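Reader: Can you walk me through this one? Keep it brisk.
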Amino acid sequence: MTCPRREEVERLAVGDLTPAEAAGLNRHLEGCAACREHKEGLRLSWELLDAAPRIAAPADFTERVLARARAEAGTRGRIVRLAPWLGAAAAAALVVAIALTRHHPQTADPDREVVENLGLLLNQPALERDPLLLVDAPGANGSHEDYGY
Amino acid sequence: MERPDPDAELMLRFQQGDESAYATLVGRFTEPILNLAWKFLGSRTEAEDLAQEVFLRVFRARKSYTVQAKFSTWLYRVTANACLNRIKSKTNERVRSLHSTGEDGRELGRSVQDPEAEEPGLGLEREELHREVRRAVEELPANQRLALIMNKYDGLAYEQIAESMGLTVMAVKSLLMRARVKLKETLARHLRGHVS
């Protein structure tokens, strides 16, 4: 039969009893074999957990984390740093396109010509062929201090 | 003003751009985080992946990091979130899989035994005990398992566990109490002779 004070034994195991409550339970334990066994079982099973092994980290773990972090930061940095360049290029393209339109009044659709000139000036195919055009070099000391976020 | 703990100081140095401070932090905490993840997930491969994810989160958070608690408590909070999210997504995955195949499910969130984790050269009895202990821990519900690992293996105080898991100290004690009762039942076979 289960002792009604069993749960108190469990609370004792996690330090959830006041000193007075613990003293009262300890007096009870002297006369209650079921609670004593429960207490001992909780203690021994807790000790058995010490048998769980530990694993060692791979020797290159830190390097791998750093490589992933640098790669991620590099990607974000490129996107953020590309934005001002794109903005300036687009503005320049617009100015040139408007000038071209004024020198060719016979163009039937000036808006279309602006778009075509933008494509040429941004040179998208060249960027696709050579993505290194967008890559930032790390700082002089080799660090990536400004990741742009 | 009280100075922050040495780990928090490293994080602040990293915030100023010192990458070596970040590397030091990773090196210092790899083993505890990796072992916590391994005990929680039961797979070495998954544990390494999760540990990497934790340190990447630290990396991403460097700009917003402020010293509010011990660095280790903050790191354990990041780890606890990552662990519980991992279990959640595994559970969702399994539910999706059940919907598509209709097969019977094992206990949610429990992982397959990791063959790499077995230690060669151990006596059979000891090896079996290792396996049983790991199984007993893995069978605990996620919250109980996490609280238990942090307390038993990482030596975290109840207050730290509570902060890491976003719980009250009372809730942590309750989780640990239920975990210990369940462990006693699961490991009963190994307790024979000591208790009835």
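Author: Terms first: helices (H or I, at least four residues) and strands (E, at least two) are DSSP runs, numbered from the N terminus. Read along the sequence, chain B then goes α-α-α-α-α-α-α-α-α. This is a predicted model, where local features need pLDDT of at least 70, side-chain atom pairs count only at pLDDT 80 or more, and totals for chains, interfaces and linings use all residues. Residues are numbered from 1 along each chain as its sequence is written, with chains lettered from A and ligands numbered from 1 in the order in which they are written.

Reader: How many helices and strands in chain B?
Author: Nine helices and zero strands.

Reader: What share of chain B is buried?
Author: Buried residues are 36% of its 196 residues. Buried means 20 or more other C-beta atoms, placed from the backbone, within 10 Å of the residue's own.

Reader: Which residues touch the most other members of the largest nonpolar core?
Author: B:A37, B:L50, B:A51, B:C83, B:L146, B:A147 and B:I161, out of 53 residues. Such a core is a set of buried Ala, Val, Leu, Ile, Met, Phe, Trp, Tyr and Cys residues joined through C-beta atoms within 7 Å. Helix α2 (residues 19-41) of chain B gives the most, eleven residues.

Reader: What does B:C83 touch?
Author: B:A37, B:F40, B:L50 and B:L146, leaving out residues up to four places away in sequence. Contact means C-beta atoms, placed from the backbone, within 7 Å.

Reader: Now the interface. How many residues from each chain?
Author: Chain A puts in 30 residues and chain B 37 residues. On the chain A side, α1 (6-13), α3 (33-48) and α4 (61-103) each supply at least two residues.

Definitions and conventions. Two residues are in contact if their C-beta atoms, placed from the backbone, lie within 7 Å. A residue is buried if 20 or more other C-beta atoms lie within 10 Å of its own, exposed if 12 or fewer, and partly exposed in between; C-beta atoms are placed from the backbone.
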